[in-house]
Amino acid sequence: MDIKWDQILIIEEPIMFWTFIGLIVSSIGLVAGLTYFKKWGWLWREWLTSTDAKKVGIMYIVLAIVMLVRGGIDALMMKYQTAVPENTFLSSQHFNEVFSAHGTIMIFFMAMPILFGIMNLVVPLQIGARDVAFPKLNLLGFWITTAAAVLYNIAFLVGGSPDAGWTSYFPLAGKEFTPGIGNNYYYVALQISGFGSMIIAINFMVTILKMRAPGMGLFKMPMFTWTTLITCLIMIIAFPIFTIALLAGMLDRVFGSHFFTVADGGLDMMWANLFWLWAHPEVYIVVLPAFGIISEVVATFSKKRLYGYHSMVWAVIVISVFSLLVWVHHFYTMGVGPTVNSVFSITTLAIAVPTGIKLFNWLFTMRKGRIAFEQPMLWALGFIPTFLIGGVTGVMLGMASADFQYHNTLFLVAHFHYTLVGGVVYAVFAAIYYWWPKFFGFKLNHKLGNWHFWLFNVGFNLSFFPLFFLGLDGAARRMYTYSAETGFGPLYMLSFIGTLLIAAGVVFFVINMVYSSLKEKRITDRDVWGTGRTLEWLVPTPVPAYNFAVIPKVEALDEVWHRKETGKALAFDEKEIKDIHMPSHSGLPFYMFVAFFISGFLFVWEFQALAIASLALPFLGMAINSFTSYDEGYYIPAKEVIETERKGGGEQQWKAK
Amino acid sequence: MSSKTHASGVGNIVGYVLGLILTFAAVWIVLESSLATSMKWTIISIFAIIQAGLQLFMFMHMSEGEDRDAKVVHTVYAIFMGIIVVFGSIWVMTAGHPIG
């Protein structure tokens, strides 16, 4: 161990110092507020231990939005640093830490949790289920992800932030070139977050395969459910690769093994190989649910059935297979030779075909549709050209011979921001505006939403389009500064201004959430938008704990739309309602959060024996779960269900389409 | 599970004996035979694959039950992915610059 104990708290730099003070003040404020309003019990019972998939989903989204702010502040710092040549706002070391944190947090603790949150909210409703297959496991997944997020986020104050990029390539990331403990956070925190992802994947796969309403065959599932299913499949296949790579990396750093070292027969590029074997599918893990969201939104607001539903499903399945066959395109420049590069070039270009099919399907869905320009549709419309630019530049990067020019330049940075922001973030905002009223009983304000969309959209393009040109001019990524003679200055400045607009857009989003919860009109229509197509629009608004008072029988794809078309009864006879069985709350997942956090922390700090011993903590939790008496859950009496149904959207009328 | 296709006691015994033979044959080839090392690797790899198939069909009921198609599909898919990951990695890591 080469830990300098006098440097545990990193607060010498003013930015760190004020962040530290800010964190302490806001934590004290939070604790004081909860105590003053006597909300501790409420928080514990209603949220932290709730096995209701909807509440777990909302907690995921809260976690993700906090992380979005953290990662966003990192982005602002980077952009401010590079806005002018020879800037001294950040040191090179600090810049490295900031871009590493930005990438890691945005992927693992923003994009994935927010999509998990949306899955938790929407998938059970779309398949006509009352809950997920394993409610307690679901909550456990959330708390393990949170343990990882907290562990990763304390790094910059306690021990030093990982500084080898979100890809954390060996040998740079190894002890040989990065001594100290900072980089351990990467391996340990992501390992823990991987458990959370795996739990989610298995849970949703079982939920979708086993808990669909009667009559809902696989090809009657809504598109978002389909993409979630395939995402889970990719997660189950790809995450074990990353688990092994992270384990080997952690053993290298903490226990002195030689998997990826330069010395003693290690193979450093094997890290890159294993990392991308997982990380390319990871791209699809985050973007496929986004495709699903866009499909739902486009169909709803074009008032048409999704064009080419079957081709859409097959495109997703083909993408899931191909996603595992393209990983080398991330390191063509390793020098592996023309044969390998050509093969991976071809597979990479081939994957553009199913993606193109999807884009055309969305366009054809809109064609001759009567498009309603509601907030979600605005984001979907913004998504299509933005994602297209990301996709086309991806094809450019996919050509191995050309890639040698683009590799590790800002061109690449612009490309993946166009796919990940233009793809995932736009879709997530669409999803939030689309499903928000279903869960909270009011829409988000239209005017503030417009400000949010336009500031974000203009800001995003202003921020990242210049990076294509900078990249072609030879500006490398991860460069903490540059000289004035390069001529990069003006475009970098433009990019910084764009980032400010993005930040302003996000501020409007936060204002919108607060304003709308205070001022917006309450609605109880089941079919909030009037043109809903899938089963979530069949339940009362806001959604009751039990989701469906009576499990619907499904006859068609877009069941709710089908019922409206055929004039079939949309609600059910109250006599059909029986007592509804629900899962009990559980404090055990919170215990696992503490256990994983402590154990992870000990691994990071290289207390080898103590760390291994601390693995007993999570196992203890599992033992408690196995050997305490089985929890039968509880029942919501039929009378209460009937009351809720009458009150919340009891209007059994449906708006004419 | 449908009893019609369920492995009978005879099947289990045959599988068990075959499994033992394959295991001891592999041990014998490695420890006792005088074949070249590369030949030993090849033979025991083939034995391992046969062994895996044996276990899947004789004891893990791959081809039985109402969800047998699903089981076959994901087993084939898993094998496909395993091949991609293992042989893909070896190919990518060795083509162009052999590792000593």
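Reader: Starting with chain B: how far apart are the end C-alpha atoms of residues 72–93, and how much of the span is helix or strand?

Author: Keep in mind this is a predicted model. In it, those end C-alpha atoms of chain B sit 31 Å apart, and residues 72–93 are 100% helix and 0% strand.

Reader: And what about residues 12–31 of chain B, how far apart are the ends there?

Author: 29 Å between the end C-alpha atoms, and that span is also 100% helix with 0% strand.

Reader: What does UniProt call those stretches?

Author: An unreviewed UniProt entry lists "transmembrane region" at residues 12–31, 43–60 and 72–93 of chain B.

Reader: How many helices and strands does chain B have?

Author: Three helices and zero strands, so to speak α-α-α when you read along the sequence.

Reader: What share of chain B is buried?

Author: Buried residues account for 3% of its 100 residues. As for contacts in chain B between residues at least 6 apart in sequence, 52% link residues at least 24 apart.

Reader: Switching to the largest nonpolar core: which residues touch the most other members?

Author: Out of 206 residues, Ile144(A), Leu151(A), Trp278(A), Ile294(A), Ala427(A) and Ala430(A) do. Helix 8 of chain A, residues 268–302, supplies the largest share of this core, with 22 residues. At least three residues come from each of domain 1 (287–523) and domain 2 (524–578 + 646–657) of chain A.

Reader: What is Ala427(A) in contact with, leaving aside neighbours within four places in sequence?

Author: Ala290(A), Ile293(A), Ile294(A) and Phe383(A).

How values were computed:
Residues are numbered from 1 along each chain as its sequence is written. Chains are lettered from A and ligands numbered from 1 in the order in which they are written. This is a predicted model: local features need pLDDT of at least 70, side-chain atom pairs count only at pLDDT 80 or more; totals for chains, interfaces and linings use all residues. A nonpolar core is a set of buried Ala, Val, Leu, Ile, Met, Phe, Trp, Tyr and Cys residues joined through C-beta atoms within 7 Å. A residue is buried if 20 or more other C-beta atoms lie within 10 Å of its own, exposed if 12 or fewer, and partly exposed in between; C-beta atoms are placed from the backbone. Helices (H or I, at least four residues) and strands (E, at least two) are DSSP runs, numbered from the N terminus. Domain bounds come from an automatic or database domain assignment. Two residues are in contact if their C-beta atoms, placed from the backbone, lie within 7 Å. UniProt positions are given in the numbering used here, feature names are shortened, and annotations may be inferred rather than shown by experiment.
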